Amino acid sequence: MSLPNLLSLSFLVPFVAAKNDFSRAIRGLRGMPRRLLLIGHKLAAGSAATGKILTVGSEADAVAIFGEGSMLTLMWRAAKRNADLGLPIDCIAIAPAAGGVAASTTVSITNSAGAATGLLEAGEVMLYIGGVRVAVGVTSDDTQTTVATKLINAINARIALPVTAAAGAANEVKLTCRWPGPTGNDIDVRATYYIDDRLPKGLTVAVPAMAGGAGAPDVTAALTAMAIGYRATEIVCPFTDSANMVLLENDLAARWKENNMQDGMVVNCIRGTESAITTFLSTRNSPHVHTIAVTKDATSPFETAAAAGAGIESQAAKDPAVPATGIVLLGYLGPAQGDHWTVDQLNNLLTVGGSPLQIAQDYSGSLLRLVSNYTMTNSGAADRSMAEVAWLKTMSYYRWFHVTEFQTKYAGFKLAQYITEPIPGQKIMTAELSEEIMLGLYKTFMDAGLCQNLDYYRSTLLVEIDGPNGKLKIQDEPVIVTQHYQTEITSYVVAGKV
């Protein structure tokens, strides 16, 4: 046996050398570093600089650096509600487009008894803004104008809302998004939401949808901030225009390549009809983007995406192969009963690369099945090989684990092409040793319920030593554990004596 030397053979001074090597200290599975990244807008009141990655650990910090009522503060709250302990939440604020226009709507309050007449009865008048209920008490002495004024004051007192209120005509409440751009168009505003919401007799509240927001921002600043040495495993980006989607998809494609390996995935949310969402998805085909598809819900899509991203990555941190099915999005307010997708619509959306939610009787929502936007090859052939997000999460972890295993335990080895077994005590990498390493790692993944069928893996494992170029080449075929989504039971009924 020839053990490696710690000291040079030319060092002759009496000495005792002892080395601590921690490369083998951790056995079994290791947790892959995971980060949730939120990309969005801040307000002028926020102290954060745009285009910088900031780790935000508390609500007070989010408010201070992004501003109360900002998109990023709202997204942070939604993410934090759904994030497991230990999941870091990073944020990048990007500037709105120059000359961007803020979305707005004008709510009209009408009293059937007459504009200058008191209400027919006392009660409560409410508005739901992005799912947040703002209510004021009214009496028979109030007119439609005083009701509007009460609502304006109540809305402006809620500084965490994404809109501000101002008077229009005497009976109007004009709502304006706090930031410019098309994302403000998706802030839901409605007069009633729950089945027991009731306006006073004779009072109507007309609420047109938020509209007019224009000027999509440019996510290039966020991609620049992420360019060197940064990896977010789940990225929430609410900007879904084609220009920004192409930028994100190209950046992700580069990150998943073998010469980068800083892979992550983007989650966004689209609200609309089946036709509108299908049209959007027909122009997308990235396996690294998953889109939450919603309709007639109350929560803003940028908050829904943040909640989903936190829930998805929290699950992946515990076990990337477990399906996201059943993950409840805390704080989400879905459509009322009868307003959600039918079963056929759910299936249609999943088929074209959308991920609809499951809506419960209490209007809460949970993830149903998580698929990527990928539906076909570059040549247009139908393909589901990269449709299941859990498969991609599993292989992201599989790659990270194997890469770091070789980086931490086998760096500095010599490479031998003709030695059949490594000399004891010598750090020599051989084909036989690499096969042993790979099979050992595979057994670890099998024990964790991530991979299966060791015999097939062993039979397909290929190893090659390229001595002149100092390369160890390995090709393997891991058989990953998949997800249980459907059960089929056939019962042949027998009645009477058999």
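1. With which residue does R190 form a salt bridge, and how far apart are the closest N and O atoms? The partner is D188, and the closest N and O atoms lie 2.8 Å apart, where a salt bridge is defined as a side-chain nitrogen of Lys or Arg within 4 Å of a carboxyl oxygen of Asp or Glu. Both R190 and D188 are buried, a term that stands for under 20% relative accessible area, with exposed meaning over 50% and partly exposed the range in between (1.4 Å probe, protein chains only).

2. On provenance, this is a predicted model, in which local features need pLDDT of at least 70 and side-chain atom pairs count only at pLDDT 80 or more, whereas totals for chains, interfaces and linings use all residues. Residues are numbered from 1 along each chain as its sequence is written, and side-chain values use heavy atoms, with hydrogens and water left out.

3. A second salt bridge joins the side chains of K393 and E234, at 2.6 Å from N to O. This pair links distant parts of the chain, since K393 belongs to helix α9 (residues 389-409) and E234 to strand β11 (residues 234-236), 159 residues apart; helices (H or I, at least four residues) and strands (E, at least two) are DSSP runs, numbered from the N terminus. K393 counts as buried because its relative accessible area is 6%, and E234 is likewise buried, at 0% relative accessibility. The two residues also take part in a network of salt bridges that links R34, E234, E313 and K393.

4. The side chains of R284 and E249 form a further salt bridge, again given as N to O, at 2.6 Å. Here too distant parts of the chain are linked: R284 sits in the loop between α6 (274-281) and β13 (289-294), E249 sits in helix α5 (residues 242-255), and 35 residues separate them. R284 is buried with a relative accessible area of 7%, and E249 is buried with a value of 13%. In total, the structure holds 23 salt bridges.

5. Turning to the sheet, three strands form an open, antiparallel arrangement in the order β6-β5-β9, where two strands are said to pair if DSSP finds at least two bridges between them. The edge strands are β6 (132-138) and β9 (189-190), each of which pairs on one side only. Strand β5 (residues 123-129) pairs with β6 in the antiparallel sense over seven bridges, and V125 stands opposite V136 in β6.

6. The C-alpha atoms of V328 and S364 are separated by 7.7 Å, although the two residues are 36 residues apart along the chain.

7. For the fold as a whole, the chain has 11 helices and 21 strands. Buried residues make up 45% of its 498 residues, and the C-alpha trace spans about 105 × 85 × 45 Å along its principal axes.
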